[in-house]
Amino acid sequence: FGLSLPSTKDEDSPGNMNGSVGDPGALTKMILGNAKYVFKWREDYCPSEASSLAAVAAATGAPVAEVLFDWLCEDAGTRVVNLMMMNYHKYSIADTLEMLEHPYTVPGIGDTGAHLGFVTEGGAHTSLLKIVAVEKAVKMHAADAAALVGMNDRGVLSVGKRADINVIDLDKVSVACPEYTHDLPRGSARWVQKAFG
């Protein structure tokens, strides 16, 4: 998930840290307690151990919370950090790839809508195009997902089937850094992430 500095005292402000860095709340404790898996956001989601919050703090001799605060102040306070809290214990996506390539794995069902102010998974599907072969990624998201939920009238390009066709330019496939925006009814906030290609 992403975390950024709050822009207001409003509970819905970006990345609500649930307390100040000096008096940490729940989210701050989770970030600081897992500093070896906290990284500045990057498009490939494969940061090195040396770029972790813990490693940078150790290399500079600065307290972890101070390094985190400095990171969050970058880019006019819009810097996003990731807590790679699952399947990244070897600083590699190898375990995730193994799971994705299992014949019983069907990606595409996420809980982005349940945690609009906390997490963004919108770029996951686009990022998959850079991680596995495009034909496999499309099959997983289309045919496999449709078959799983019994939608047998779609998911493949075949006579008589429903289909949406996407043209993918693999040289331009990318995801933008997540942004926090207040564009929901009554000014409620959410994380958004644009995809390209």
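Predicted model: local features only at pLDDT ≥ 70, side-chain atom pairs only at ≥ 80, totals over all residues.
Local features need pLDDT of at least 70 and side-chain atom pairs count only at pLDDT 80 or more, while totals for chains, interfaces and linings use all residues. Residues are numbered from 1 along each chain as its sequence is written, and side-chain values use heavy atoms, with hydrogens and water left out.

Select Val 138, Ile 168 and Leu 170. Together they make a nonpolar surface patch with about 210 Å² of accessible area. Patch residues have over 30% relative accessible area and no salt bridge, with nonpolar side chains (Val, Leu, Ile, Met, Phe, Trp, Tyr) joined within 5 Å and like charges within 9 Å. A salt bridge is a side-chain nitrogen of Lys or Arg within 4 Å of a carboxyl oxygen of Asp or Glu. Areas are from the Shrake-Rupley method with a 1.4 Å probe; for residues, only the protein chains shown count as cover.

Stay on Val 138, which belongs to helix α6 (residues 134-148). Helices (H or I, at least four residues) and strands (E, at least two) are DSSP runs numbered from the N terminus. Val 138 is partly exposed because its relative accessibility is 40%; buried means under 20%, exposed over 50%, and partly exposed in between (1.4 Å probe, protein chains only).

Next, select Ala 76 in helix α3 (residues 64-77). Its phi is positive, near 60°, in a residue other than glycine. Ala 76 is exposed, at 78% relative accessibility.

Move to Tyr 91, in the loop between β3 (81-83) and α4 (94-100). Tyr 91 is not a glycine, yet has a positive phi of about 55°. With a relative accessible area of 19%, Tyr 91 is buried.

Finally, select Cys 46, partly exposed at 30%, and Cys 177, partly exposed at 29%. The structure has zero disulfides (pairs of cysteine sulfur atoms within 2.5 Å).
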